Every structure is written in C-alpha cells, then in structure tokens.
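This briefing sets out selected local features of the structure shown below, grouped by topic for reference.

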Amino acid sequence: MANTVLIGAQWGDEGKGKVIDVLSNKVDIVARFQGGNNAGHTVKIGDEKYVLHLVPSGILHKGKKCIIGNGLVVDPIGLLSEMDELKEKGIDCKGRLFISDRATLVCPYHKALDAFRESGRGRKIGTTKRGIGPAYGDKIIRTALRMGDMLDKSFAKELGARIDCANAQLKAGGAQLLNKASIIKEYTKAAKRLAPYITDTITILNNAERKGKSILFEGAQGTMLDIDFGTYPYVTSSNATSGGACTGTGVPPNRIDQVIGVIKCYTTRVGEGPFPTELLDATGEQLRTEGGEFGATTGRPRRCGWFDAVVARYSAMISGVDYWAMTKLDVLDNQKTIKVCVAYQCDGKRLDTIPASSAMLARCKPIYKSIAGWNTSTKEVTRYKDLPPKAKKYVEYLCKITGVKLGILSVGAKRESTLRIAL
Ligand code: IMP
C-alpha cells in the first residue's frame, strides 16, 4: 500500500483502531503522530479485545514495526503498563516498538494540573485528565522534558525542578501537592526500562521510506478535536488532521500518497462543546446502546447524534481525504428513518461550513434530509453487494454529499465485518 495517513473525521471514536488493524497487513510500518494516552483504539481479534492507548495498533500484526512519533505526548508509566499487558497476551514490543527521543514526556504534574483545571477552576473542557493539555502547553512554552531527556544523567534533577514548580502552582490553588521523591524514583525506573526503545524515529522512518517501505500514519482523536480546526476551546491539544502526520513524524508531505478519513455512519462526541446534530431523546439513547458508545479510555457515555455532512465535508477538505472508511453502519439497522444534516441554520442564515466560533456553532440548527432505513440486520454481511439496497443507498448518499469515495465499510466489531471496497 502507498504511504497513507489515516485520520478521524469527526470528534474521535470513529473506529480508527479497527481500520488500522485491517490495513496494517498491507504496510511495513505503523506510525502514530499525535496525541497521547487520551486515545483508546479498540481492536477485536477473535474473542480477545485489545484497547491500545499509545502503542500503534500495528503491534497486533507479527513483524510490523511501530513508531511513537515526535508529535506525541507520552506518559511513560501508562506506556509501560500497556506494553506489559501486551506481553501477557503474547505480544512483545522488543525490536518492534520505537519511541521518538523528541516526543514530549507527560509527568504526574501534568495530570494534576489537568484535573485541577477541570475541577471548576477554569473552563471545563471535559478532558480525559491524562495531562494532555498541560504537557503540550509545556512543549509550546519550551519547558517540557522529552523522551530523550530520560536518558540523560541530568534527568532526575530536571524532573525535580519541574515538580517543585508545579507544587508551587498547586499550593497556590489549594490543591494536593505531589510527592517529589516517589515521582523521581518511579520515573528513573521507567527511564531504564524504556531506554532500549527511545531512539531517532525520524531517521528510521525516512530511511525506510527511501528504501521503498510503506508507512501507515495513525491519527488519534478527530478533525473536530484538532487544536486549530476543531471546536476550540473544546478540543484536544494536537493536530489530529493529516498535516499533523508530517510535523508529528518528520516525514515530509511529498512522501505521503493518500489520506483515509475514518467516519461513523452517525456522530458521537465525548466531553463538552457544541454538537449540532446531538440527539437528547430516545433515538440518541438507542444509538448509544446499540453502538456501545462508551469511552474506551474513560468509560464515559458518548453523546450521540445523526451524521453531519457539514462536519464530514470540512474534514475531507482540511485533510484532503481520498477515501472514507465508514464504520458502524449496523448500528442504524433498526432505524425506520435516518436523518443526515446537510447544512445549518444559524441566526437566520443558511451555513454550509463550520463557523470558527463555538458559541455560534452551538446556535446552529441542523437542516436535515430524511432517508428511509433498511430495517434488516447488516451485521453478518461480508460483501458490499450483499447489503440491503436501502443501506447501500444511504452509504452512497453520504459519499455523494461529501464528495469522497468509499474505501472501506464496517458493519461490526470483528475483522471479518470490514468490507474492502477500494482499499
Ligand atoms: P484531552 O485530549 O484529554 O485534553 O481532552 C480534550 C477533549 O478531547 C475532550 O472533549 C475529550 O473528551 C476529547 N478526547 C480526547 N481524546 C479523545 C479520543 O480519543 N476520543 C474521543 N474524544 C477524545
């Protein structure tokens, strides 16, 4: 397969883990490019369920190399427990996982500050409380430690100085202070364990690419959570759109051949922020139950709503999406009528794009087109041509109004439920 960037086209949780798992067979390397362990990529293989937060889903495929790129924020304790869990299930990361020495380190004070800000003393974003925002914040203001710093003899001293600084902030806010000695002990121990994995991933990736190896760039979260293009400030702190693949791995744009957007056949969102097609009624509840819409990282119930074509078109435009990987069509099996938002009505005007202001987006009312449901189970379908005609019509309508071709369609959690159309 050509070098491919895979991104989430909505508010995350589109089913990227599953699509990456299916595509991993066709590439040599899978490289994550942004985010941290706020992500939760679920993959079901047989009866075994894997939830990956930092390790790329490609690790589940024998022999594939996996990269944690420079664009990530890495919680070393979370990463080690993920690696240990994989080992228990017979998957060894040794020689297959490479962590960028330029990736940003997430420290306990980032999590403490994240929780503190979320506790009502500031604007509540509804974060995963994994310290993502504060860690990226430190990167941007140039006070962060990076994975490579863990290997330096000054690490304990540098970490200690930052804990002192965070404790001063927490003290001023009346929050609980962090135990400096125990953090330093835990982190220096983690540094020793991670040392064999921390390396120059930029050179590894570019050398491999020059030798003709193919790379799958794994995005986390989604367009509407992107720090620049999402529903700011109700976003995550990284670039979840395709541009992030270059800055988050060091592979230049002219080495990327195609972009796949993963998109659910309806919409979900976790956390605060505007969501025009949200359903606060029994239909929303039904989508949540039938779609198992509970966060893979935090277990929070996801907000559910109809497919929003304004979001999908915007996402396709920003990331240059060549193909959709549409997921969870089966969740709509029991709907008599399905609605699709084709534009918004806002302050007396029709809007065909996403406004920059979240306050304005919150005032947007969807303009819907109703489509007949198929009222048949699609869960066991393994070939596109065997889908009920009305289900095909729905999918084809979504492709038509978004101007993107269908590459993959998923009708269930299992690997076999992923129908390959053009990829
Ligand atoms: P943070 O990334 O933990 O700072 O959270 C910021 C926002 O992004 C919150 O609304 C989270 O619920 C959302 N978010 C972060 N990661 C994910 C994800 O993997 N899936 C869905 N939402 C996410």
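Leaving aside its neighbours within four places in sequence, with which residues is Ile 163 in contact? The model is a predicted one. In it, Ile 163 is in contact with Tyr 109, Leu 178, Lys 180, Ile 183 and Ile 184, once neighbours within four places in sequence are set aside. The points below begin with the helix that holds Ile 163, helix α5, and then turn to other parts of the chain.

- Between the C-alpha atoms of Ile 163 and Gly 148 the distance is 19 Å, at a sequence separation of 15 residues.
- Two packed helices are described by the angle between their axes and the distance between the axes.
- For helix α5 (residues 155–172) and helix α6 (residues 180–194), the angle is about 140° and the axes are 10 Å apart.
- Because oblique covers the angles left over by the other classes, and roughly antiparallel requires over 145 degrees, α5 and α6 are oblique to each other.
- The crossing of these two helices, α5 and α6, is right-handed.
- On the α5 side the contact is made by Phe 155, Ala 156, Leu 159, Gly 160, Ile 163 and Asp 164; on the α6 side it is made by Lys 180, Ile 183, Ile 184, Tyr 187 and Thr 188.
- By residue class, the contact of α5 with α6 comprises 7 nonpolar, 2 polar and 2 charged residues.

**Aromatic pairs**

- Across the whole structure, a search finds 2 aromatic pairs.
- One of them is formed by Trp 11 and Phe 275, a tilted pair with 5.3 Å from centre to centre and 45° between the planes.
- This pair links distant parts of the chain, 264 residues apart: Trp 11 is in the loop between β1 (4–8) and α1 (16–24), and Phe 275 is in the loop between β12 (267–269) and α9 (282–290).
- Trp 11 counts as buried at 3% relative accessibility, and Phe 275 counts as buried at 7%.
- The rings of Trp 374 and Tyr 394 also form a tilted pair, since their centres are 5.8 Å apart and their planes lie at 45°.
- Trp 374 lies in the loop between β18 (365–372) and α12 (389–402), whereas Tyr 394 lies in helix α12, so the pair ties together parts 20 residues apart in sequence.
- Trp 374 counts as buried at 6% relative accessibility, and Tyr 394 counts as buried at 0%.

- In helix α4 (residues 132–140), the buried residues are Ile 132, Pro 134, Ala 135, Tyr 136 and Asp 138.
- These buried residues of α4 pack against β6 (73–74), β8 (104–105) and α3 (108–118).
- Arg 142 follows α4 and has its place in the loop between α4 and α5.
- Phi of Arg 142 is near 70°, a positive value in a residue other than glycine.
- With a relative accessible area of 74%, Arg 142 is exposed.

**The loop between β10 and α8**

- Gln 221 lies in the loop between β10 and α8, and its phi is near 55°, a positive value in a residue other than glycine.
- Gln 221 counts as buried at 8% relative accessibility.
- Pro 233 is likewise found in the loop between β10 (215–218) and α8 (243–247).
- Tyr 232 and Pro 233 are joined by a cis peptide bond, with omega about 5°.

**Lys 264 in strand β11**

- Strand β11 (residues 258–264) contains Lys 264, which counts as buried because its relative accessibility is 0%.
- Neighbours within four places in sequence being left aside, Lys 264 is in contact with Gln 10, Asp 13, Glu 14, Glu 293, Arg 302, Phe 307, Thr 327 and Lys 328.

**Glu 380 in the loop between β18 and α12**

- Glu 380 is found in the loop between β18 and α12 and counts as exposed at 62% relative accessibility.
- A distance of 8.0 Å separates the C-alpha atoms of Glu 380 and Gly 412, which are 32 residues apart along the chain.

Notes:
Residues numbered from 1 in each chain as written. Predicted model: local features only at pLDDT ≥ 70, side-chain atom pairs only at ≥ 80, totals over all residues. Heavy atoms only, no water. Axes fitted to C-alpha atoms, helices over the stretch in contact; angles between N-to-C directions. Helix = DSSP H or I, 4+ residues; strand = E, 2+ residues; numbered from the N terminus. Parallel < 35°, antiparallel > 145°, perpendicular 65-115°, else oblique. Left-handed = near helix turned anticlockwise from the far one by under 90°. Contact = heavy atoms within 4.5 Å. Nonpolar A, V, L, I, M, F, W, Y, C, P; charged D, E, K, R; others polar. Phe/Tyr/Trp six-rings, centres within 6.5 Å; stacked < 30°, edge-to-face > 60°. Buried < 20%, exposed > 50% of the residue type's maximum accessible area, 1.4 Å probe, protein only.
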